[in-house]
Amino acid sequence: MQETDGTPARRFGLPTAICLVMGNIIGGGIFLLPASVAPFGTVSLLAFGVLTIGAIALALVFGRLAERHPHTGGPYVYARAAFGDFAGFLSAWSYWTMTWVSNAALAVAGVGYFHVLTGGSSSKTTDLVIALLMLWLPALANLAGTRWVGAVQVISTVLKFIPLLFVAVAGLFFFDPKNLGSFSEGGGSWASGLSASAAILLYSYIGVESAAMSAGEVRDPERNVGRASVLGTIGAAVVYLLGTVAVFGTVAHDKLAKSTAPFSDAVDAMFGGQWGGTLIAFAAVVSIVGALNGWTLMSAQMPYAAAKDGLFPAMFGKKRRGVPTAGVLAAAVLASLLTIVNYVSGSGGVFEILVLITTFSATVPYLLATAAQVFFLLKGEREKVHAGRFTRDMVFALGGFGFSFWLVAGAGYAAVYQGGLFLLAGILVYAFMAARRTATEEREDEPVAAAEKSAEPELVA
């Protein structure tokens with residue numbers, strides 16, 4: 001396969017694709033999750049289980065869609081194929097916004113863990129430099145080509161998986177049921193605790209679409225995208241569940257509910273001393289850098305696919321070494337500007353609004369993709385639907401849609417409001433790109449029409 005610069009592209013194998021999914025799902029948030037859901041009781045573990053089922057259903061939907069459309073762009077490709085250019089653009093615009101804003105948030109979150117790891121002092125200038133390095137080192141790895149992207153993703157996934165797995169396995173030997181607390185804390189019903197904890201956990205599985213997004217760079221995408229999506233999601237779920245159970249069983253509930261570093265507290269409770277903080281800080285930094293590496297690639301893939309169809313500027317549609325370089329650079333620059341604003345202004349107002357936008361923006365492509373699967377199934381196109389799979393695929397599609405809809409509901413009113421406004425603002429961008437593409441097509445058609453006219457025989461009176 002040749003790229004736009006004429007160089008041969010390297011494709012991801014199944015292990016790398018699985019690591020891409022796991023690495024993008026497991027970011028830095030896992031290291032605070034046990035403390036975040038502890039106030040609701042152990043019912044939050046049940047919420048994890050329910051959400052895992054929804055995420056796997058969504059992964060299976062992406063696998064089926066990739067069989068029909070094994071192209072880079074994932075949710076964008078499916079929405080456009082089912083509902084046309086406008087739906088495809090909304091998917092691309094929403095997802096692209098989410099990726100680079102999320103990258104800025106990840107980089108800012110990683111600064112705190114970096115200071116714990118190194119013991120360095122914090123200042124605005126130092127923090128800004130560290131955050132920018134966290135953005136640009138993964139960007140440089142992406143610019144070096146898919147080979148480096150895959151290598152960084154595999155290494156970072158293994159390095160962060162080992163400490164988390166260590167805590168999960170060691171926690172079994174120090175597990176004390178007395179630390180768990182009650183099934184439902186706070187005096188409320190277990191149903192309300194389930195919903196409340198689920199609202200916090202909902203976004204733990206954002207990234208399940210990563211293999212579908214990079215289908216064009218995955219070997220044998222018709223088979224491997226679905227397998228990578230499901231296996232990567234299950235792998236992330238195992239890490240989430242085992243790690244959370246281990247922390248719940250080793251740290252006293254009243255202390256866990258107030259903890260700012262639950263995995264570090266768990267290691268300290270098991271072995272004593274203060275080395276647990278350093279271990280977990282290392283895992284957190286590696287996890288965040290790995291997630292930034294994967295999400296930087298995702299931030300370039302969606303506009304690449306849209307640019308090939310004339311819905312994004314043409315510069316986004318060119319690749320070098322298998323990577324859309326303009327998309328990588330644009331995401332890195334935009335995330336850097338947002339990070340600089342966050343530190344220089346001294347106010348989190350603008351930053352918090354944009355982070356709210358990401359929580360809503362991530363769900364729009366999911367809803368459109370699962371709705372596209374329902375459309376294909378109901379339309380009954382023989383070349384796109386396997387008759388023996390109809391019922392099963394429809395259940396997964398509806399389950400994935402329900403899961404995505406739950407994500408929107410869990411985002412909260414502010415996220416939906418801010419995200420909806422930004423999504424609507426993209427309509428103006430679509431109008432500009434659609435008009436430009438139409439004008440280009442008309443100019444290209446003029447010589448053809450003129451040639452056809454000159455070829456017509458003249459009528460003699």
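## Pocket, cavities and salt bridges

In this predicted model, the second largest pocket has a volume of about 220 Å³. Its lining consists of Phe 114, Leu 117, Ile 130, Leu 133, Met 134, Leu 137, Pro 138, Ala 141, Val 152, Val 285, Val 289 and Asn 293. Three helices, H5 (85–118), H6 (124–143) and H13 (275–308), each contribute at least two residues to the lining of this second largest pocket. H6 gives the largest share, six residues. By class, the lining of the second largest pocket comprises 11 nonpolar residues, one polar residue and no charged residue.

**Enclosed cavities**

The search of the whole structure also finds two cavities of 30 Å³ or more. The largest cavity holds about 50 Å³ of space, and its lining is made up of Phe 161, Leu 164, Leu 165, Ala 168, Val 238, Val 239, Leu 242 and Gly 243. Helix H7 (146–173) and H10 are the elements that give two or more residues to this lining. Seven of the residues lining the largest cavity are nonpolar, one is polar and none is charged.

The second largest cavity has a volume of about 30 Å³. Around it lie Asn 103, Leu 135, Thr 296, Val 328, Ala 331, Ala 332 and Ala 335. Helix H14 (residues 325–345) supplies the largest share of this lining, four residues. The lining of the second largest cavity divides into five nonpolar, two polar and no charged residues.

**Salt bridges**

Six salt bridges are found in the whole structure.

Arg 64 and Glu 67 are three residues apart in helix H3 (residues 43–68), so about one helical turn separates them. Arg 64 is buried, with a relative accessible area of 17%, whereas Glu 67 is partly exposed at 32% relative accessibility.

Arg 80 is partly exposed, its relative accessible area being 28%. The pair of Arg 80 and Asp 85 belongs to a network of salt bridges that links Arg 80, Asp 85, Asp 309 and Arg 437.

The phi angle of Asp 220 is near 50 degrees, a positive value in a residue other than glycine. Most residues other than glycine have a negative phi.

Glu 217 lies in the loop between H9 and H10 as well. Glu 217 counts as buried, at 2% relative accessibility. The C-alpha atoms of Glu 217 and Pro 70 are separated by 9.7 Å, although these residues are 147 residues apart along the chain.

**Asp 265 in helix H12**

Asp 265 is part of helix H12 (residues 262–271). Asp 265 is buried because its relative accessible area is 18%, and buried means under 20%. Apart from neighbours within four places in sequence, Asp 265 is in contact with Val 251, Lys 255 and Ser 259. The C-alpha atoms of Asp 265 and Lys 255 are separated by 9.1 Å, the two residues being 10 residues apart along the chain.

**Overall fold and confidence**

The protein chain contains 18 helices and zero strands. Of its 461 residues, 54% are buried. Among contacts between residues at least 6 apart in sequence, 83% join residues at least 24 apart.

The mean pLDDT of the protein chain is 80, and 87% of its residues reach 70 or more. Confidence is highest in helix H4 (residues 75–83), at a mean of 91, and lowest in helix H15 (residues 349–361), at 70. Over residues 1–8 the pLDDT is below 50, and this stretch has 18 contacts in the model beyond near neighbours in sequence. Where pLDDT is low, the predicted coordinates should not be read in detail.

How values were computed
Residues are numbered from 1 along each chain as its sequence is written. This is a predicted model: local features need pLDDT of at least 70, side-chain atom pairs count only at pLDDT 80 or more; totals for chains, interfaces and linings use all residues. Side-chain values use heavy atoms; hydrogens and water are left out. A salt bridge is a side-chain nitrogen of Lys or Arg within 4 Å of a carboxyl oxygen of Asp or Glu. Buried means under 20% relative accessible area, exposed over 50%, partly exposed in between (1.4 Å probe, protein chains only). Contact means heavy atoms within 4.5 Å. On a 1 Å grid over the protein atoms alone, a cavity is a set of points where a 1.4 Å probe fits but cannot get out, and a pocket is an open set with protein on both sides within 12 Å along at least five of seven lines; lining residues have an atom within 4 Å of a point. Grid points are joined across faces, edges and corners, and a volume is the space filled by probe spheres set on the points. Ala, Val, Leu, Ile, Met, Phe, Trp, Tyr, Cys and Pro count as nonpolar, Asp, Glu, Lys and Arg as charged, and the others, Gly among them, as polar. pLDDT is the predictor's confidence in each residue, from 0 to 100.
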